[in-house]
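Hello,

Here is the structure I promised to pass on. My notes follow below it.

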Amino acid sequence: MKRTKLLFTLLGLVFLMTSCYVETIVQDDFIEESAFNTDQVLQSFDLWYVDINATTGNGEVPFLQRAFTISFIDGIIYANNNIVGLGKTGNGFGIDVGSYGTLRGTVEIDHDIDGLWLLDVFAVNGNTIELRDQRSGTSYFLNGYQTGNFDYDFVFYDNINYFLQEYDAWEKIFTSETGALNEFDNENFLQFNPTFFRSSIDANGTPISNLQWDFEGDYQVYDVENDETLKTLTLAYDSMGNDYFELYVINDSTIELYHPSSETVYEFRGRGYQQYLKSGKNSTARKRTKISNPTMKVERKRKK
């Protein structure tokens, strides 16, 4: 596919081009523009959502692999590396993670943790750019949004797997009086890791470091056909088979699990929030990977 580096129409700066130095490279049909225009492209949107599933190549740019969004603002790069706090941290832009400077068709990034990176900038269409690391041949595709029309809720639910993993444990804080007795009533703590979950029947209030994890098994989050804000969750218990729940997010630290087979409602609160900052032991602990949740064709059973 032919790509145009820093496509003029991305910025609507057609009238400014007469004063800019433009060099056309016949090979690959690229158009190189000035460092000024490169910066204008990067700042043309408040937020760039990193579409991790569109990434190509076998390499990795660590800070892009971690980020849900990045922003280029007057030489400073901001990133949202957590789902918790998305839309609130740094007025929606996230945290300061480094600085950048622009050349013709490239951006030089000095990341606080990952060091210097020189990335080519390509315009894919009117609101999508490609950042390409020539050393590894890896490309990241970023979709541009203004803060006023950025759907934080969509990003939140589209990445809910990561949300579940951002707390060291989830403690049960509520069980509805209605609903049939079932084995899950005994579970007081849950922990979600990238490939498995753990559960504990320890008493409420037990310090996380003292928890005894009684069970470890597989779990799966599902999308629901024609319902973007409903997720379902299965926990694979040996004794109970797959326990099925409707998963609802109450706020940044509280989830609701509705157990349709018993009609019981549970609430869990997150403990031990793991913030992925620009420094510290957790800064490189988690990286996003290509995730495509399977889809269920079900209807909501929870009655509000």
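A residue counts as exposed when its relative accessible area is over 50%, and as buried when that area is under 20%. Keep in mind that this is a predicted model.

Start with two loops. Most residues other than glycine have a negative phi. Asn226 is not a glycine, yet its phi is positive, about 65 degrees. Asn226 sits in the loop between strand S15 (219–224) and strand S16 (227–237). Its relative accessibility is 79%, so Asn226 counts as exposed.

Glu263 is also not a glycine and has a positive phi, about 60 degrees. The loop that holds Glu263 lies between strand S18 (254–259) and strand S19 (264–273). Glu263 counts as exposed because its relative accessibility is 52%.

Now the barrel. Eight strands form a closed barrel in the order S3-S4-S5-S6-S7-S8-S9-S10, with antiparallel pairing. From one strand to the next, the twist averages 35 degrees. S6 and S7 run antiparallel and are joined by six bridges. Gly98 stands opposite His111 in S7.

Which strands does H1 lie across? They are S3, S4, S6, S7, S8 and S9, and the helix runs at about 145 degrees to S6. H1 covers residues 35–42, and its buried residues are Asn37, Thr38, Asp39, Val41 and Leu42. These buried residues pack against S3 (47–50), S4 (69–73), S6 (95–103), S7 (106–111), S8 (115–125) and S9 (128–133).

Best wishes

Definitions and conventions
Residues numbered from 1 in each chain as written. Predicted model: local features only at pLDDT ≥ 70, side-chain atom pairs only at ≥ 80, totals over all residues. Heavy atoms only, no water. Buried < 20%, exposed > 50% of the residue type's maximum accessible area, 1.4 Å probe, protein only. Helix = DSSP H or I, 4+ residues; strand = E, 2+ residues; numbered from the N terminus. Contact = heavy atoms within 4.5 Å. Pairing = 2+ DSSP bridges. Axes fitted to C-alpha atoms, helices over the stretch in contact; angles between N-to-C directions.
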